[in-house]
Amino acid sequence: MEVTEMQRRFADFSSSLFSEGYLDAQFKQLQQLQDESNPNFVVEILSLFFDDSDRLVNDLTLALEQENVDLKKVDAHVHQFKGSSSSIGAHRVKRACIDFRHFYELHNAEACRVCLHQVKQEYLLVKSKLQTLLRMQQQILAAGGSIPIMG
């Protein structure tokens, strides 16, 4: 596949992530921080986000499986997840965390368990899509092309 075709596909896929609400303007700002002095900035930040998020999802799952759910601990995990999702522009994950916190405020552990499923789904979706975006980026660079700037 030609570099121009890869760049077009990258731009189309990137656009769809914003139009479908997976990402917001914060992700564009993150990308703008990447430059020649730190060409792997976004990859490094996303890697940290994935590691942290995997741990938080696991911690949330364990906390909600307890017979006596410690809702304060659950809230701390959700608050951290919401913050990290927001900082990289993972809009739908952030929204799911906001919904989750609403049920926490109602002290409804059962609704929190249901919301956890939604948080996990949104996280796994955005993780998969971001991994695809990074793969596309690597293919363009390996073929000698440059990454199109997302508008």
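A nonpolar core is here a set of buried Ala, Val, Leu, Ile, Met, Phe, Trp, Tyr and Cys residues joined through side-chain atoms within 4.5 Å, where buried means under 20% relative accessible area with a 1.4 Å probe and protein chains only. The model is predicted, so that local features need pLDDT of at least 70 and side-chain atom pairs count only at pLDDT 80 or more, whereas totals for chains, interfaces and linings use all residues. Residues are numbered from 1 along each chain as its sequence is written, and side-chain values use heavy atoms, with hydrogens and water left out.

**View 1. The largest nonpolar core has 44 residues.** Those touching the most other members are Leu 23, Phe 27, Leu 46, Val 74, Phe 81, Phe 100 and Leu 130. At least two core residues come from each of H1 (3-19), H2 (25-32), H3 (41-65), H4 (71-88), H5 (91-105) and H6 (109-142), helices being DSSP runs of H or I with at least four residues, numbered from the N terminus. H6 supplies the largest share, 12 residues.

**View 2. Surroundings of Phe 27.** Beyond its neighbours within four places in sequence, Phe 27 is in contact (heavy atoms within 4.5 Å) with Phe 18, Val 42, Leu 46, Ile 88, Gly 89, Leu 130, Leu 133 and Met 150.

**View 3. Cysteines without disulfides.** With a disulfide taken as a pair of cysteine sulfur atoms within 2.5 Å, the count is zero. The sulfur of Cys 97 lies 9.2 Å from its closest cysteine sulfur, in Cys 115, which is too far for a bond. Cys 115 is itself in no disulfide, the nearest cysteine sulfur, that of Cys 112, being 6.8 Å away. Cys 97 is buried at a relative accessible area of 0%, and Cys 115 is buried at 10%.

Methods. Buried means under 20% relative accessible area, exposed over 50%, partly exposed in between (1.4 Å probe, protein chains only).
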